[in-house]
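Dear colleague,

I am passing on the structure we talked about, and I would be glad if you opened it beside this message while you read.

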Amino acid sequence: TACPSPRSHLRRRMRLAGRSGNCVCCLEEEHVKARIFVHPLLLFYSILITQTFAAVIWVAPISLFAFVAALRNRNPLFDATDMFWLLASIFFVVTPCAMLSEPEGSSWFSGGVLIRLYTGVEYAYDRYLLIQFFLGIYISHFLSLLMFPSFVRDSGRSYKLRVDHRLTLPVVVILAVVTIQTCGGWSNFSSARYDRESEVISILYLPLMGLYLASAILFLCGWKAKRANFLLLLILILTHVTMFNPLYTARFHLILGWLPILLILFPRSLLYRRFIGAALVGMIIVMPILSRTSRFGIAGLGMIDWRSLGFTTYTDLTQVLLELMVMVERYGHKFGESTLGIILFLVPRSLWVDKPKSIALYIGEELFHKSQSGTSNLAAPIFGDFYLDFGIIGVVVGSALTAILFRWLLRNLPSINNIPVLHYVVLASLPILYRGSIAATIAMPFFTFVFVYLGGRLLQVKFTFGTYAQTTRS
């Protein structure tokens with residue numbers, strides 16, 4: 001059957017899909033069918049593990065929003081909207097069902113709610129707080145459903161790199177060496193995160209880390225799969241293993257560091273059915289393991305309870321947001337202070353002494369003080385910042401503005417050498433940005449995105465070992 005898509009559009013879609021042998025319409029149908037089963041299956045899994053069926057009723061609207069978003073998405077590739085709704089299902093469908101329970105004699109949380117952590121300890125919260133908790137989640141995700149694009153489309157803009165990739169690789173290696181030095185040298189850089197001396201890390205460390213990653217990405221955008229070039233690729237991979245090693249790199253930074261690289265090298269892996277399987281395995285098995293190894297190095301493997309691997313071993317958003325409701329009742333709203341910290345995240349604390357703490361640290365210190373958490377380094381999504389500042393009104397306005405900004409971003413992402421590499425960066429950044437807190441985690445994704453974008457815009461000058469010529473943007 002002939003595909004009704006215009007030929008030029010067909011070629012673009014086939015290229016992005018890894019040059020599959022099927023026509024685009026068949027490719028869409030094949031992967032859309034896979035997409036619509038994911039969120040119902042996650043809801044079914046939630047039913048199997050829930051402590052009380054009332055929790056399933058509370059999370060059902062989020063699962064419904066994710067299902068509707070999946071029905072609207074006609075992209076055969078896994079894209080940023082898929083990532084957003086997958087994270088929503090994991091954090092606010094599966095996890096609450098695993099963690100929420102009721103006191104004896106209570107029905108439909110009439111007697112309050114108990115948070116059961118994966119350690120087996122339980123903490124009690126009022127039913128009113130649970131209502132506030134889910135109301136904020138419903139509002140933010142409903143507005144996302146209304147305002148997000150159905151799927152990520154090609155913006156039609158592409159930058160053509162003219163710089164010889166053989167000149168880019170030395171820059172990548174030099175940036176790696178300089179970045180390690182700003183972290184206090186190799187011994188501090190290669191230490192497990194709990195053993196690092198933070199006071200010797202320069203404020204230039206994260207910008208340089210983003211510049212290094214952007215340079216590695218741009219190198220691969222210009223790299224050609226020829227026999228003579230594989231040695232250069234090997235050098236890059238070895239350098240990248242040094243910079244983003246699971247024994248001392250935060251797990252969400254590992255996603256940001258490796259996912260764009262792998263998608264450039266293996267674009268067919270982004271086909272929905274392939275990617276969603278790898279993503280679920282990563283969330284259930286790999287991420288809980290990395291939670292230990294990135295903090296304690298190789299010794300962290302001995303601290304893992306292999307029977308407890310699953311979605312709930314590394315997510316703390318349910319407890320943090322419920323505790324947020326308690327703290328707002330006790331201390332009141334911040335009236336813009338938390339949101340201001342996000343907007344001005346580039347200002348270092350050394351220059352702004354009274355810079356607001358991130359919401360995750362603000363709540364994490366409270367939980368750690370009450371011995372309800374093993375660390376104060378927790379997570380909180382951005383609508384938690386909006387609630388902390390202005391309550392439900394803040395969630396409505398802040399979530400709407402965030403959704404509009406995200407929609408504009410996804411609709412205007414240029415490609416580089418016909419590779420949607422900026423979309424790859426956004427896709428890899430979403431897990432850490434969705435989980436939050438934004439004020440504490442946005443720096444690395446921001447610098448990486450900006451440097452990749454600027455590289456695509458500026459490196460359109462043909463510059464090789466023997467030639468130099470001005471070219472125009474493609």
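Below are some notes on what was found in it. Please keep in mind that this is a predicted model.

I would begin with helix α5, which covers residues 127–147 and reaches 30 Å from its first C-alpha to its last, close to the 30 Å expected at 1.5 Å a residue. Of the 21 residues of α5, 15 are buried, so this helix is largely enclosed by the rest of the structure.

The count of salt bridges comes to one, and it is formed by arginine 35 and aspartate 82, whose closest N and O atoms are 2.7 Å apart. Because arginine 35 belongs to helix α2 (residues 24–49) and aspartate 82 to helix α4 (residues 80–99), the pair ties together parts that are 47 residues apart in sequence. Both arginine 35 and aspartate 82 are buried.

On the surface, by contrast, Lys160, Arg162, Lys224 and Lys226 gather in a patch of positive charge. Lysine 226 lies in the loop between α8 (205–222) and α9 (230–243), and it counts as exposed because its relative accessibility is 52%, where the cut-off for exposed is over 50%.

Most residues other than glycine have a negative phi, yet tryptophan 108 has a positive phi of about 55°, and phenylalanine 109 has a positive phi near 65°. Tryptophan 108 counts as partly exposed at 47% relative accessibility, whereas phenylalanine 109 is buried, with a relative accessible area of 0%.

With best wishes

Terms used: Residues numbered from 1 in each chain as written. Predicted model: local features only at pLDDT ≥ 70, side-chain atom pairs only at ≥ 80, totals over all residues. Heavy atoms only, no water. Patch = residues over 30% accessible without salt bridge, like charges linked within 9 Å, V, L, I, M, F, W, Y side chains within 5 Å. Areas by Shrake-Rupley, 256 points an atom, 1.4 Å probe, with all protein chains shown as cover. Salt bridge = Lys/Arg side-chain N within 4 Å of Asp/Glu carboxyl O. Lys, Arg positive; Asp, Glu negative; His and termini not counted. Charge placed at Lys NZ, Arg CZ, Asp CG, Glu CD. Helix = DSSP H or I, 4+ residues; strand = E, 2+ residues; numbered from the N terminus. Buried < 20%, exposed > 50% of the residue type's maximum accessible area, 1.4 Å probe, protein only. Expected span 1.5 Å × (residues − 1).
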